Amino acid sequence: MSRTFLGMPATAPRGVGHLRGDEPFPAAARRALADPQLRRNLGHATTTIRAKSGAVIAELPDWQQLRAAGSAIKADVLARLPELLEQLELAVTAAGGTVHWAADAVEANRIVTELVAATGSDRVIKVKSMATQEIGLNEALEAAGITSVETDLAELIVQLGDDRPSHILVPAIHRNRAEIREIFLRAMPGVDPALTDDPAALAAAARRYLRETFLSTPVAVSGANFAVAETGTLAVVESEGNGRMCLTLPETLITVMGVEKVVPTWQDLEVFLQLLPRASTGERMNPYTSMWTGVTPGDGPQAVHLVLLDNGRSAVLADEVGRQALHCIRCSACLNVCPVYERTGGHAYGSVYPGPIGAVLSPQLTGVADNASLPYASTLCGACYDACPVKINIPELLVHLRDRAPHPRAEAAAMAAAAYVMDHPALYTAAQRAARLSRLAGRRGRGLPPPLSGWTASRDLPEPPPRTFRQWWAQR
Amino acid sequence: MSQREEVLARLRAARGAAPAAPAAVPRDYRRAGAEADLDLLVHRLTDYRATVHRCTDDAVAEVVDAVLGGRRIVVPPGLPRRWLPATVTAVTDDALGTDQIAALDGVVTAAALAVAETGTIVLDGAPDQGRRVITLLPDVHVCVLRAEQVVAGLPDAVARLDPRRPLTWISGPSATSDIELNRVEGVHGPRNLHVVLLPPGTAR
C-alpha cells in the first residue's frame, strides 16, 4: 500500500476489517466448486430469488425510468458528496443527534467502542450492517470486552455457526434448513431439542432466543440504507423486526454508515424505496422500514449517534470510471444473477462484498494490488449490469480494473511481440504458417507452454484454420 | 487535522472540481397524484398474509372483539375509545415500561396512511398511533385505516409524510427470507397483522 498523505484519497488500511481474503479467488473458488452441497444450496436459493424478483419488477411499468432516476441521483450524490455530508451533519445535529467522522476502519471502531464503553454496557445488539462487517467492528468490540449480538436471522446463523457471511442480503445463503437446524441445536442456548427444520419453527426459535436480549440491552449498533441530507433522516430497510427492536428499544443508538449512502432530498426516497425491495428480496415492499430523524423525545433512543465512514471510499471516488461502484445500494441482485457467484458462493471472494459488485468494489477500496484476482472473477456476461437497479456498469468496471491490476511480465512481452508481428506483414505470414504447423503437431487442447500456460489454464486455444484468409484471397 | 477535516479533504480532492448546482434528475417515472385503488390495497395486504376487514366505523369494536376478545392489549393515548369492545382489557400507553408492553397480547392503533400498490401501512407516532414500541412487542397488531388515508404509490406516500416524525413502514407481518430465500412469516415483530379498512366518508 502506498503511503497515506493527509487530506488525499486513501484506500482502506490493512490488518483491520474484512475486505481482503486469505487467498486468491481461483484457489478459493476451486475448493468451493468441489462442495456439491454448497452448489445445491446456492443454486436453489438464487433460482428462487430470481423468479420472485423478476415477477415483482414486471409489475412496475416504469422500472427502467426508476433505474435511470436512481442512477442519476447517485451520480449527483458523488458530484456533491462533501457538501451533502456537511448538510446531513447540520440536519442530524439540529434534530438532537451527534455526528462523528471516521477516516478508516480503525477510527470507526475506536469511536464506536468508546461510545459503547461510555454507556457502561458490556453488550450491544446489532442490526445487519455491511459497513460494520467491513470494518470488523465485532472483533474490535470483543477486544474491548464488549459482546456483539447479531440479531438478523441469517447473521445469527453465521455467528452461532462460527462461520463467515457469504451473501450481502442473506449471509447464510450457503446453509440449507437442515444445516441451520443443526447449528441451532449445537450453539443456541436453551433451544428446544425437539426443534424441526421447518423454516417457521427455526424462525420461532430465533424469536424466543433473542427476545430477552432485545429487552435488556441498552445499546444498539446499526447501519443505514439511506440518509437524507436535507432532513437528517436515516432509514433502515429490513424484514424480521429485529431492526425495529434495535432502533426502538435501547437508550443509545449508534449508526455506522459509508459516506456514499447519503441522498440529497426526502423525495429521492420515493425512487429507492421502489428499487431496493424489488431488486433485493423480490418483494413489493419489505415488511419493515424504519426512519428516524435525530431524537424524538419520549419515543425510542434518546442518545443517537451517526458515524460517517470513509475507509477507502475516497479512493474509489478519485477514479472517474470506478466511482460508479459507489452507487451500490447493497441489494445483491447482481449476486443472484451471476453464473460465477452461483457456483462458487460468497466465501471465495474473500471480502465481505462478494459477487460482481464485490469484484469491482473490494479491489477499489483496498487498492487493486490487494485484491488483484477479483476483477477476473467474472465471465463478463453482463447479467449483473442488466439486474442492477441503479445501473452500475459492472462489466465496464471489471475491464477497467483488469487494466489496473498488476500483469505478469510475460504477458506484456507477448503482447508487445504480437503488436510488432502484426505491424510487419512478412512476419505475420510466417507466424500464421507456424500456427498451422502447430496444428499439424497436434498441440490443440494442450495449451501453451510456460510461462504462457497461465493464460491457457482456463481457456482453449483457438484452432488455427487449415488456410488463412490471406492465402484464400491470394488464390481466389 | 481532525477526522472530520480529513474525510472532507479526501473527498474534495477525490471528487475534483465542485459542480455549480445539483444535477437534474430524470423523474419520468409515475409520480404522485394517481387515484388510490382500495381493492388493490386489500389484495396486496392479503398477499403478504395480513388479514383485512372492511367495515364501517361502528363495527370496528366487533372486529377487535373477534380478534382480541378476552385478551389484554395496549392502546395509544389518542385512540378513539369507540373502537374498543368491552371484552378487551385496554391499557393506555402513558410511558409504560417495555416489560409491561411485552406482557400484553395485542395493540390497536390508527395509521398515518397506506400505500395501495405495495400493501404498506405507515405509522408516524401521532397520538392515535403512539410510540413505536407499542406496535412492536405485542404479537397481534390491529390497525384501523380510513379510505382517505390510502394513496396510490410510494411517491404519494413520501409527499404526504413528515420526515421529522419517527416513521414505521409496515408491509405484512414480520417475515424473513433468510432460510433458502423463501418468505416465512413470523420472526420478531407482530406475527399477526389485521387491517380494518373503513369506507370513504368516514369521519375521524
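Let's start at Leu308(A), which touches Leu85(A), Val99(A), His100(A), Trp101(A), Ala102(A), Met257(A), Val259(A) and Val7(B), leaving aside residues up to four places away in sequence. Touching, or being in contact, here means that the C-beta atoms of two residues, placed from the backbone, lie within 7 Å. Before going on, keep in mind that this is a predicted model, where local features need pLDDT of at least 70, side-chain atom pairs count only at pLDDT 80 or more, and totals for chains, interfaces and linings use all residues. Residues are numbered from 1 along each chain as its sequence is written, while chains are lettered from A and ligands numbered from 1 in the order in which they are written.

Leu308(A) also turns up in the largest nonpolar core, which has 196 residues. Such a core is a set of buried Ala, Val, Leu, Ile, Met, Phe, Trp, Tyr and Cys residues joined through C-beta atoms within 7 Å. A residue is buried if 20 or more other C-beta atoms lie within 10 Å of its own, exposed if 12 or fewer, and partly exposed in between, with C-beta atoms placed from the backbone. The members that touch the most others are Val307(A), Leu308(A), Cys334(A), Val64(B), Ala111(B) and Leu145(B). Helix α12 (residues 269–280) of chain A gives this core its largest share, seven residues. Helices (H or I, at least four residues) and strands (E, at least two) are DSSP runs, numbered from the N terminus.

How do the two chains meet? In all, 82 residues of chain A are in contact with 60 residues of chain B. On the side of chain B that touches chain A, α1(B) gives the most, with 12 residues. That side has 29 nonpolar, 16 polar and 15 charged residues; Ala, Val, Leu, Ile, Met, Phe, Trp, Tyr, Cys and Pro count as nonpolar, Asp, Glu, Lys and Arg as charged, and the others, Gly among them, as polar.

Strands link the chains too: β9 (residues 288–293) of chain A and β9(B) run antiparallel, joined by four bridges. Pairing requires that DSSP finds at least two bridges between two strands. Here Thr168(B) in β9(B) stands opposite Ser290(A).

Inside chain A, β2 (residues 123–126) pairs with β3 (residues 147–150) in the parallel sense, over four bridges. Arg123(A) has Thr147(A) in β3(A) as its bridge partner.

Now for chain B, where six strands form an open sheet with parallel pairing, in the order β1-β12-β7-β4-β2-β3. Its edge strands, each pairing on one side only, are β1 (51–54) and β3 (89–92). From one strand to the next, the twist averages 25 degrees. Helix α3 (residues 60–68) of chain B packs on this sheet, and its direction makes about 165 degrees with that of β7(B). For such angles, axes are lines fitted to C-alpha atoms, for helices over the stretch in contact, and the values run from 0 to 180 degrees between N-to-C directions.

Finally, look at Arg191(B), in the loop between β11 and β12 of chain B. Is it buried or exposed? Arg191(B) counts as buried because it has 20 C-beta neighbours inside 10 Å. Arg191(B) touches Asp139(B), Pro173(B), Ser174(B), Glu185(B) and Gly186(B), not counting residues up to four places away in sequence.
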